[in-house]
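Please look over the model shown below before turning to the notes that follow it.

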Amino acid sequence: MPDAHRFRVDGHIPVLKVHYEPRPGPAVIVLHGLFSNADAQRFELDALATWGMAAVGMDAPHHGARRDGWLDGMPSLGPTDYHARLLYFIREAVPEVSRVIDHVVGEGHWPIGLAGVSFGAYTALAVAAHDSRVQATVSILGSPDWTPRDGHVTDELRWLMQDAPVHRPRDCARHPLLLLNAGKDPLVPAHQARDFAQRLWREFPRLGSHVGHYEYPESDHYMRAEDWNDAWGRALGFLRRTLYRE
């Protein structure tokens with residue numbers, strides 16, 4: 001088993017860092033889904049370590065060791081308020097991920113990649129758009145477009161959606177990007193990532209050359225085991241190839 005190290009960044013961001021010795025240079029920050037935590041991604045963290053990278057999990061705001069009423073109250077919210085709270089969580093998480101990047105880079109790790117699942121994928125894309133140190137990004141079941149799936153946009157949502165990576169394609173895709181989505185996903189519309197990739201290929205061919213997109217037509221948000229295994233295999237290969245510059 002790889003070595004596991006637990007610590008807190010800035011005294012309040014719980015981090016789980018996994019790697020084999022000698023400590024590898026490249027590091028991947030893994031961002032978990034809604035209602036989850038860093039430990040729930042231990043399989044993925046260990047897989048990254050086995051592939052020769054340092055894997056860094058972190059509890060998102062209001063999750064894991066920091067779980068509070070903000071998260072617990074979400075199931076009782078209506079669709080519009082639920083989506084607004086999700087976007088608030090993403091906006092709160094983005095600067096924290098950059099603080100973890102500060103710490104990891106300070107430990108000597110480089111280059112830095114991101115891999116996110118669902119809510120974590122939304123966050124990963126937003127961090128990639130804001131932090132140029134991110135050298136490779138994998139989004140699994142996420143979207144750069146923050147439009148609610150029912151299309152109902154309030155003034156509050158319109159304000160929140162201004163920060164969506166879909167509005168910053170050059171920044172989001174300045175480094176290699178892989179988008180993996182489920183065709184039957186009722187929570188994250190698959191067409192949003194697909195449309196974004198196609199726009200990059202069409203309008204920004206220089207950037208689009210290092211943007212990958214793949215869709216699993218038979219899976220929903222809780223992917224079939226064979227599709228999840230394939231998606232994670234693609235993610236591992238992509239991160240290893242891009243971070244090690246093979």
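Leaving aside neighbours within four places in sequence, S98 is in contact with V127, D131 and R133, where contact means heavy atoms within 4.5 Å. This is a predicted model, in which local features need pLDDT of at least 70 and side-chain atom pairs count only at pLDDT 80 or more, while totals for chains, interfaces and linings use all residues. Residues are numbered from 1 along each chain as its sequence is written, and side-chain values use heavy atoms, with hydrogens and water left out.

- S98 lies in helix α3; helices (H or I, at least four residues) and strands (E, at least two) are DSSP runs, numbered from the N terminus.
- The relative accessible area of S98 is 17%, so S98 is buried, a word that here means under 20% relative accessible area, with exposed meaning over 50% and partly exposed in between (1.4 Å probe, protein chains only).
- The side chain of S98 makes a polar contact with the side chain of D131 at 2.8 Å; such a contact is a pair of N or O atoms within 3.5 Å, and within protein one must be able to donate a hydrogen and the other to accept it, while residues adjacent in sequence count only if both atoms are side-chain atoms.

**Salt bridges**

- Side chains of opposite charge can pair when their charged atoms come close.
- A salt bridge is taken as a side-chain nitrogen of Lys or Arg within 4 Å of a carboxyl oxygen of Asp or Glu, and by this rule the count comes to 20 salt bridges.
- D131, the polar partner of S98, also belongs to a network of salt bridges that links D10, R99, D102, D131 and R133.
- D10 lies in the loop between β1 (3-9) and β2 (13-19), whereas R99 is in helix α3 (residues 79-106), so the pair ties together parts that are 89 residues apart in sequence.
- Both members of this pair are partly exposed, D10 with a relative accessible area of 44% and R99 with 35%.
- Elsewhere, the side chains of E218 and K184 meet in a salt bridge at 3.2 Å, N to O. Because E218 lies in the loop between β8 (211-216) and α9 (225-243) and K184 in the loop between β7 (177-182) and α7 (190-203), the pair ties together parts that are 34 residues apart in sequence.
- E218 is partly exposed, with a relative accessible area of 45%.
- The side chains of E203 and R202 also meet in a salt bridge, at 3.6 Å, N to O; E203 is partly exposed at 42% relative accessible area, whereas R202 is exposed at 57%.

- D59 is found in the loop between β4 (54-58) and α2 (69-72).
- D59 is buried yet has no salt bridge, and the nearest side chain of opposite charge, that of R66, is 6.1 Å away; in this count Lys and Arg are positive and Asp and Glu negative, with His and the chain ends not counted.
- The side chain of D59 does reach two backbone nitrogens, that of A38 at 2.9 Å and that of A65 at 3.0 Å.
- Not counting residues up to four places away in sequence, D59 touches I13, P14, H32, N37, A38, G64, A65 and R66.

**Strand β3 and residue A27**

- Five of the five residues of strand β3 (residues 27-31) are buried, so the strand is largely enclosed by the rest of the structure.
- In a regular strand the side chains alternate between the two faces of the sheet. In β3, A27, I29 and L31 point one way and V28 and V30 the other way, and all are buried.
- β3 and β4 pair in the parallel sense over five bridges, where pairing requires that DSSP finds at least two bridges between two strands.
- A27 stands opposite A54 in β4 and is buried, with a relative accessible area of 1%.
- Leaving aside neighbours within four places in sequence, A27 is in contact with A54, V104, H109, P111, I112, G113 and L243.

**Helix α1**

- The buried residues of helix α1 (residues 42-50) are E44, L45, D46, A47, L48 and A49, and what covers them includes β2, β3, β4 and α9.
- Just after α1, G52 takes a positive phi of about 90 degrees.
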